[in-house]
Amino acid sequence: MLEQLLSHYVNNASAANARGEYVAAAEWCQRSLQLAADLPEAWYHLGTAFGGMGKTAEAVDALEKARVRTLNSADAQNSIGLQLTELGAYGEAEKCLVQALVLAPDYAFAHSNMGKLRTRQKRREDAEACFTTAIALNPDLAPAYTNLGGVLSERKNYAAAEIACRKATALAPELPEAWMNLGVALNGLRQFEDAESSYNKAIDLAPNLSDAWLNLGITLDEIKRYKNAADCYQRCIELDPSADFVMGSLLHTKMKICDWRSLAGDLEGVFQGIEDGKKVAIPFGTLGFTADLALQRKAAAIWAKDKSPDSAVVSPIPKRPPHKKIRIGYFSADYHDHATMHLMAELFESHDRERFELYAFSFGPDKNDMMRKRVSAAFNRFFDVRLQSDEAVVQLARDLEIDIAIDLSGFTLGSRPGIFSLRAAPVQVNYLAYPGTMSADFMDYLIADKTVIPEHSQSQYSEKIVYLPNSYQANDRKRPVADRTFNRKELGLPDAGFVFCCFNNSFKITPPTFDCWMRILKAVEGSVLWLLEDNPTASSNLIREALQRGIAPERLIFAKRLPSAEHLARHRSADLFLDTLPYNAHTTASDALWAGLPVLTCMGESFASRVAASLLYGIGLSELIAPDMAAYEACAIALATSPQRLAQIKEKLAHNKLTTPLFDTPLFVRHIEAAYAVMYERYQSDLPPDSINIKP
């Protein structure tokens, strides 16, 4: 009779857990344990219930009690190990899975679950071996193929990941995780439409699979279907409010479409999450949310710790004799027609080949465009490593004996911080694409100037600061400006009236900046604001926001994207570029100045909010740097209503363009090469990284 009653209680607990009724499951387990305190099944289901309720410590304790009562059962040890893995109790999980494999060395499920554990521990090579063993033991084990596909995608072997996941979907077409991991592999192969279909299949099978919604959002975000991406992130949060980094991804995506309706509350939640050390925000998005350096540093530290494998498991790089030529490795996801290359191309071409050898490591798409062809020709060797694991790229860099590794991606789209965490070179440098600290102990230096990082702000950066004497930003004097002369009508501009413009990405436009712009338009009769049409949803939302501030829709003009040379040429039709805060114009400010258009900026606290000021100092136009938004607004109105004063500034810009340091690329190259030389000398002298000041 007792045995039947216990079986009834345990079965009810199991069923309740399966339905997500964790409180009820715990009650059934506790009834069982009152009658039989040593019943392992009751402890197991109680641990599962506590885990479902978010009571991690209680769950681990209950599962440990189940473990010690089932040491002779491979099945039980395997199941308990899987639950402990899901709870993040990796040490306890490993004990269970090792015991399962001691009892049953050919137990395919246990090998597969060990692979899942190794994946969570970021021991991806070991995980791949575990899944491969499981498949060899049981070629029909669909979860092993599914998880193998997942870890292969993490190791950037997307083609093999696709094969594994397609095998899983063939064996178990009802398995939603198989379709989801197939989507991840297809996204990595840039087959976005097929990836979307795979995610939708996973969601059809399991509408509450939060990871499928998250990954669908990532794919839609990448192909600029921002509204749909935001909806997916929102659904993910509804299903799993603690999902890693999704809150920040949602907010950043809403900023891309200028959806500010819940912005104040969203920001408060993200900022509090960062302060609490939670995984809530992607660092790049945070740069556009706030200029608070401490908050930016904390957000980056959380991300770096989560996304990068433990560099302690990697062997140190042996000390090498000095090379005759310093070997510089430039690592980037953006070796194509991209803002980073618009700035860097001439620098690559101008390096002193008697002193330096250049190696490119490209982990972004090969678009085979003119910029890709141009920059690839500038290197001694160019490596396409997008489908190689971080470990393989690091080994390649070490085999080539790269002396200084320059990360041109940081935490931007497509970045690979894992390469630097594993230490690709003895000296590693954060430069250009990510305007802030990476808060990672594996980055030695950050290249800056004393405008973007004043000396009193150094403590907010984990890297040692390398100060270049003028602006930190490289520029390309060879960028062509088309001869084409646009008329206002073909650009959608009115025949008369002052044209303010801002060609920054839409996520940089914040409500305070937009409020200021609308007041400027009200003060300058007949003026218009010319913005880049980043996406139609953003344009619609900005028009709505303008109407709410009393500005007619026709006073906002949206510019379609054009090839670079024509885009630069159309700047001639604008009168003044209005910058954004807290994330300034960077390449877009250089574009405007190169095309002869003055840029008005306001300087904040963070690196990202001081870049335009750096450029203006570099070209001798400090009068266009406002100390606060009130001064910025007053200056914009004054210039728009003082044609003579604006004409003088434009004349000064035209004169300074080729006589000041900003666009003097050979001078810049000498300065950055001097910085590289000092870094290398310190390394060869067994000195730790330290701040470096390069003299003019």
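Ala, Val, Leu, Ile, Met, Phe, Trp, Tyr, Cys and Pro count here as nonpolar, Asp, Glu, Lys and Arg as charged, and the others, Gly among them, as polar. The model is a predicted one. With those classes, the lining of the second largest pocket divides into five nonpolar, 12 polar and two charged residues. The space in this pocket is about 790 Å³. Its lining consists of 19 residues, and Tyr-22, Gly-51, Gln-83, Glu-86 and Leu-87 are the ones nearest the centre of the pocket. Two or more lining residues come from each of helix H3 (40-52), helix H5 (74-87), helix H7 (108-120) and helix H9 (142-154). H5 gives the largest share, six residues.

Helix H1 comes next. H1 runs over residues 2-18, and its 17 residues should span 24 Å at 1.5 Å a residue; the end C-alpha atoms are 24 Å apart, so the two values agree. Buried in H1 are Leu-6, Tyr-9, Val-10, Ala-13, Ala-16 and Asn-17. These residues lie on the same side of H1 because they cover an arc of only 125 degrees around the axis. What do the buried residues of H1 pack against? Their partners are helix H2 (22-35) and H3. H3 is also among the helices that line the second largest pocket. On the face of H1 turned away from the buried side are the exposed residues Gln-4 and Ala-18. Just after H1, Gly-20 has a positive phi of about 80 degrees.

The structure also holds four cavities of 30 Å³ or more. The largest cavity has a volume of about 70 Å³. Around the largest cavity are Asn-470, Ser-471, Gln-473, Gly-618, Pro-661, Leu-662, Asp-664, Leu-667, Phe-668 and His-671. Helix H31 (residues 665-684) supplies three of the lining residues, the largest share. By class, the lining of the largest cavity has four nonpolar, five polar and one charged residues.

The second largest cavity has a volume of about 40 Å³. Its lining includes Ser-506, Ile-509, Glu-533, Asp-534 and Phe-558. Strand S9 (528-532) and helix H25 (536-548) each give at least two residues to the lining of the second largest cavity, and the largest share, three residues, is that of H25. Six nonpolar, three polar and two charged residues make up the lining of the second largest cavity.

Note on methods: Residues numbered from 1 in each chain as written. Predicted model: local features only at pLDDT ≥ 70, side-chain atom pairs only at ≥ 80, totals over all residues. Heavy atoms only, no water. 1 Å grid on protein atoms, 1.4 Å probe; cavity = no way out; pocket = protein on both sides within 12 Å on 5 of 7 lines; lining within 4 Å. Points joined across faces, edges and corners; volume = space filled by probe spheres on them. Helix = DSSP H or I, 4+ residues; strand = E, 2+ residues; numbered from the N terminus. Expected span 1.5 Å × (residues − 1). Buried < 20%, exposed > 50% of the residue type's maximum accessible area, 1.4 Å probe, protein only. Arc of directions from axis to C-beta. Contact = heavy atoms within 4.5 Å.
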